[in-house]
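This report looks at one strand residue and at one strand with its pairing partners. The sequence and structure come before the details.

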Amino acid sequence: MRLKDKVAIVTGGASGIGRASAVRFAEEGSKVVVADLQQDGIDETVDAIRSAGGTATGVHADVTSASDVKAVVKTAVDTYGRLDIMFNNAGIGIPGTILDLDEGDFDRLFAVNVKGVFLGCKEAVPVMKAQGGGVILNTASQLGVVGIAGNVVYPATKGAVVQMTRCLAIDHAADGIRVNSLCPGPIDTPLTRRNRQASGDPEAALRSRLTQIPLGRIGEAVEMANVAVFLCSDEASFVTGAAILADGGWVAR
Ligand SMILES: NC(=O)c1ccc[n+]([C@@H]2O[C@H](COP(=O)([O-])OP(=O)(O)OC[C@H]3O[C@@H](n4cnc5c(N)ncnc54)[C@H](O)[C@@H]3O)[C@@H](O)[C@H]2O)c1
């Protein structure tokens, strides 16, 4: 019970890494607010937590909307009395070269992946500061740290998340707020399955990915959730401003 009696928000909690994290947080004793755009997925995550004996509430929210994000944080405070963990995890991927992507793709990627994190932090920090501390975890990517062919904007959004995280950590260390980014490598989620399908040859796309991963496999969402539990727990009390890679060794090559 490493998150016993904590209150956590997980954005993007209807699917993939967010769902696995919401479930793991609840298993570790946290009450969880699951925020996402997909109502069916929210309900499935909340049901999974409740049927295992945990405590969770769902909120339909778009992380690009300041008023939605404000409402998510208000739900946590109104329902459970505080906010200990803000996991800004919602994100989208639109791969492509500069020739493939248009202005709308750029704006959408930055709105969800960067502005969404900004708004989550903006709402969480005052609550955490007033209560004497908290933990913020922002999902970046190994592609926030290294480059890749054929994908120019998504990695730029994740680099922005890594940098925003570092600066927030410096600003709010004295408030008792730790802020880290989680940098997953390729993880088996609906996002990566969609990307592989969109490549036109999913088998070749998978083979090509595997050559880049020393561990020789795609990761599982629960493996990211386990890292998130650690980073959000008191066991990580001296970890802040860090970009934590959990990438099967991708960046080590
Ligand atoms: N899967 C990977 O290989 C991988 C690798 C590195 C980083 N990431 C990052 O991990 C995070 C989670 O990705 P995933 O693989 O679990 O993807 P996913 O598609 O399974 O889940 C993402 C969730 O975010 C939600 N979402 C998207 N836009 C939203 C918005 N505007 N408001 C609220 N919710 C929104 C989606 O509805 C979905 O439920 C993302 O930030 C992604 O960039 C994933």
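## Basis

Helices (H or I, at least four residues) and strands (E, at least two) are DSSP runs, numbered from the N terminus. This is a predicted model, in which local features need pLDDT of at least 70 and side-chain atom pairs count only at pLDDT 80 or more, while totals for chains, interfaces and linings use all residues. Residues are numbered from 1 along each chain as its sequence is written, and side-chain values use heavy atoms, leaving out hydrogens and water.

## Val59

Val59 lies in strand 3 (residues 56-60). With a relative accessible area of 11%, Val59 is buried (under 20%; exposed is over 50%, partly exposed in between; 1.4 Å probe, protein chains only).

Beyond its neighbours within four places in sequence, Val59 is in contact with Val33, Val34, Ala35, Asp36, Ile42, Val72 and Thr75 (contact: heavy atoms within 4.5 Å). Val69 is 10 residues from Val59 along the chain, and their C-alpha atoms are separated by 9.8 Å.

## Strand 6

Eight of the eight residues of strand 6 (residues 177-184) are buried. In a regular strand the side chains alternate between the two faces of the sheet. One side of strand 6 carries Ile177, Val179, Ser181 and Cys183, the other Arg178, Asn180, Leu182 and Pro184, and both faces are covered.

## Pairing and crossover

Strands pair if DSSP finds at least two bridges between them. Strand 5 (residues 134-139) runs parallel to strand 6 and is joined to it by six bridges; Val135 has Arg178 as its bridge partner. Strand 9 (residues 243-246) also pairs with strand 6 in the parallel sense, over four bridges, and there Leu245 is the bridge partner of Cys183.

Strand 5, helix 5 (residues 154-172) and strand 6 form a right-handed β-α-β unit: with the strands pointing away from the viewer, the path from the first strand over the helix to the second runs clockwise.
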